[in-house]
Amino acid sequence: FFADQRDNRRRLAALAGGADVLDVCCYTGGFGIYAKQMGGANSVVGVDLDEAAIELAKRNANLNQVRIKYAHADAFGYLRQMQTAGNRYDVVVLDPPKFVNNREEFAEGARKYGDLNTLGMTLVKPGGLLLTCSCSGSVSRQPFLDIVKSAGMRAGRPLQIIDQSGAGPDHPVMANCPESEYLKAIWVRVL
């Protein structure tokens with residue numbers, strides 16, 4: 001459980017009432033559990049490749065007395081399967097692990113962020129919400145926003161950037177270390 005996403009989870013919960021939610025790279029289930037338990041989401045599907053994390057997410061859902069479907073799967077493959085099946089969601093959350101560990105990995109990591117966002121956008125119902133996140137300190141806010149915008153063009157989906165947020169106020173940014181503003185969360189209406 002990452003405390004830096006606490007405020008973003010609360011905000012998502014407030015927007016999830018009656019929604020069908022897909023939580024990709026769900027880890028221990030934070031976004032999905034908040035959406036279901038606090039927000040009253042209609043349904044939540046959580047996806048993660050880490051089997052131990054999925055088991056922990058299931059336990060967390062049980063502790064919070066919510067029913068969430070979990071899939072132990074690679075995010076890219078799962079999103080392609082949902083795309084082929086024609087599944088669509090009111091809310092899609094993309095909160096992957098760090099794709100860029102250093103500047104040398106930027107091009108490859110940017111490609112992964114782009115592919116993940118393109119796939120995720122294709123699963124959002126028209127007018128639905130995409131919350132996409134990056135925890136890579138080597139990817140600053142503007143390049144990440146550019147990646148998201150490009151993904152919308154590739155997906156053929158017009159986007160409205162509703163807001164941009166990051167870690168909570170208990171995670172201050174060091175003035176001499178731009179990488180300490182590592183968490184970027186972009187709130188997007190997908191048209």
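Tyr113 and Phe144 are both buried, meaning under 20% relative accessible area with a 1.4 Å probe and protein chains only. The model is predicted; local features need pLDDT of at least 70, side-chain atom pairs count only at pLDDT 80 or more, and totals for chains, interfaces and linings use all residues. Residues are numbered from 1 along each chain as its sequence is written, and side-chain values use heavy atoms, without hydrogens and water.

**Rings**

The structure holds three aromatic pairs (ring centres of Phe, Tyr or Trp, the latter by its six-membered ring, within 6.5 Å). Tyr113 belongs to helix 5 (residues 106-122) and Phe144 to helix 6 (residues 141-155), so the pair ties together parts 31 residues apart in sequence. Helices are DSSP runs of H or I with at least four residues, and strands are E runs of at least two, numbered from the N terminus. Ring pairs join Phe76, Phe99, Tyr113 and Phe144 into a cluster.

Two arginines sit over rings (CZ of Arg, or NZ of Lys, within 6 Å of the ring centre and within 35 degrees of the ring normal).

| Charge | Ring | Distance to ring centre |
|---|---|---|
| Arg9 | Phe31 | 5.5 Å |
| Arg11 | Trp187 | 4.4 Å |

Conventions. Rings of Phe, Tyr and Trp (its six-membered ring) pair if their centres lie within 6.5 Å; planes under 30 degrees apart count as stacked, over 60 as edge-to-face and the rest as tilted. Buried means under 20% relative accessible area, exposed over 50%, partly exposed in between (1.4 Å probe, protein chains only).
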